[in-house]
Amino acid sequence: MTRTSIREVLQSDSPEPEVLIEGWVRTKRDSKAFSFIEVNDGSCLANLQIVADATLEGYDESVIPLTTGASVSIRGKVVESQGKGQNWEMQAISVKLLGAAEGDFPLQKKGHSMEFLRSIAHLRPRSNLFGAVFRVRSRMAYSIHQFFQEQGFVYVHTPVITASDCEGAGEMFRVVTMDGEEVRLGDDEFFGKPSYLTVSGQLEGETFACALSNIYTFGPTFRAENSHTSRHASEFWMIEPEIAFCDLNADMDLAEAMIKHLVTDALESCREDLGFFDKFVDKGLIGRLESVRDRAFERVSYTDAVKILQESGAKFEYPVEYGHNLQSEHERYLTETHFKCPTTVYDYPKEIKPFYMRTNDDGKTVAAMDLLVPGIGEIVGGSQREERLDVLRANMKAHALEEADYSWYIDLRRYGSVPHAGFGLGFERLLMFVTGVANIRDVIPFPRTPGSAEF
RNA sequence: UCCUCUGUAGCUCAGCGGUAGAGCGGGUGGCUGUUAACCACUAGGUCGUUGGUUCGAACCCAACCGGAGGAGCCA
């Protein structure tokens, strides 16, 4: 007999004489004449309620010993439920205990802290919350590919190991080989020179955009920053589209369209899971996502944003000053208090941005943009890239970078250079935004943070 | 890297100077369709570690270790 998913069973529109379901016991309630077993197989948030009569063959061996966490294979009749709380339930025909769960199974029906659940990252996907988070994560990954593929973008796999110290930003993890306990360095180095885990596929992505026009990357990136916040991880996934023949305006259009597409799809495809988040994790989540879907985003230049902040009368811990990066509190004020919606800030002073961003005609600012969302802050960072060879060289000099290290990148400007632009989207930050989950460690299966690489 | 909070039973917590408690979970028994089921009984703890203050420390002090939050940096 073929297994039916619990999701399909619960979506039945008529009774079924016999189906087979398999999953894990969430809870069991016994009375003298029968037991109620709640089974979840991860196909959806809801459990299937099984009614197992005490007269069932093997009841004492298969049903009585069931505890939370045990795995079962159950055949039964799908019938309308007599009780409240569910439309359908299963009247068991046979219950088979596949794997018993020992008495110290750590997941209970209530009262776990997120910290504790992180310490059992191998079991937490069996909880309602994490099951929902990782179903949404999967759907959003699919939806990202769908968004780009439907517009003819080519998916490019940029390298995880890189020898270019991408834009000189952020601490990097060094990749080494070992000779026993000895690290091989110098002439012994595996690649003949220092190599690192990538912090961004952008520069490599640009080379492909300058051939295939519209490309995107979607893969893991690594930062060795010693940062202890709920929004940073040492290993995270990033989406980086790069578009040739494109300026900053079209880049911002694309970023906004992508966020809207993802939020719209989440609302349509993940309703049950979002409903759970809205109820237990972040009240008002669905309403907020609907307004993101339906309302236009705001756009404001860095110069105007500074004016808004200075004239706001709000008290900030750090002063607002042209030429300085916007602080977290400033970003929060713009998106949560002033505009009350996702907001793109563009045209930043060139001094505070990397060398590859395109210098604007004013000579003071670069064509950079950050898309800020309420509750999280920066979710997208992007720019139009400097396509003019002489300006790029001058910028590199100003940033004290060696041209020899970026010869291949400079070549793009020597052979058929085109205006192009792109951005990076932090996948986990998007998931925090869509699910309302407050900590990045809880939207990635096995989080890596400073001092912690369990599992 | 800096600042702040925190560490008591498997879990969530109470106890805050007189030597360990509850609820949940586990075990056993009971129970009329329950759904965070219910009722009874029961097992389970060198109170993060080390040192100090005190007649006496889970409680006060110090250092260390673990966890969390914020800042910076960023995605």
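This is a predicted model: local features need pLDDT of at least 70, side-chain atom pairs count only at pLDDT 80 or more; totals for chains, interfaces and linings use all residues.
In chain A, the domain assignment places domain 1 at residues 6-99 and domain 2 at residues 124-442. Taken over C-alpha atoms, the centres of domain 1 and domain 2 lie 45 Å apart. Where the two meet, the contact draws on eight residues from domain 1 and eight residues from domain 2.

How much area goes into that meeting? About 670 Å² is buried between domain 1 and domain 2, and carbon and sulfur atoms account for 44% of this. On the domain 1 side, three residues carry much of the load: Trp 24, Arg 26 and Leu 45 together provide 72% of the area that domain 1 buries against domain 2, which is more than any other three residues give. Sorted by class, the residues of domain 1 that touch domain 2 come out as four nonpolar, three polar and one charged. As for specific links across the boundary, there are six residue pairs in polar contact between domain 1 and domain 2, counting pairs with both residues at pLDDT 80 or more. Salt bridges are another matter, with a count of zero between domain 1 and domain 2.

Strands β7, β11 and β8 make up an open sheet of three strands, in the order β7-β11-β8 and with antiparallel pairing. The edges belong to β7 (161-162) and β8 (174-175), each of which pairs on one side only. Looking at individual residues, Val 175 has Ser 195 in β11 as its bridge partner.

Back to charge pairing, this time across the whole model. Side chains of opposite charge can pair when their charged atoms come close. Searching the whole structure turns up 25 salt bridges. One of them joins Arg 3 to Glu 22, with 3.9 Å between the closest N and O atoms. This pair ties together distant parts of the chain: Arg 3 sits in the segment before α1 (6-10), while Glu 22 belongs to strand β1 (residues 16-30), and the two are 19 residues apart.

Technical notes
Residues are numbered from 1 along each chain as its sequence is written. Chains are lettered from A and ligands numbered from 1 in the order in which they are written. Side-chain values use heavy atoms; hydrogens and water are left out. Domain bounds come from an automatic or database domain assignment. Contact means heavy atoms within 4.5 Å. Buried area is the accessible area (1.4 Å probe) that two parts lose on being put together, summed over both. A salt bridge is a side-chain nitrogen of Lys or Arg within 4 Å of a carboxyl oxygen of Asp or Glu. A polar contact is a pair of N or O atoms within 3.5 Å; within protein, one must be able to donate a hydrogen and the other to accept it, and residues adjacent in sequence count only if both atoms are side-chain atoms. Ala, Val, Leu, Ile, Met, Phe, Trp, Tyr, Cys and Pro count as nonpolar, Asp, Glu, Lys and Arg as charged, and the others, Gly among them, as polar. Two strands pair if DSSP finds at least two bridges between them. Helices (H or I, at least four residues) and strands (E, at least two) are DSSP runs, numbered from the N terminus.
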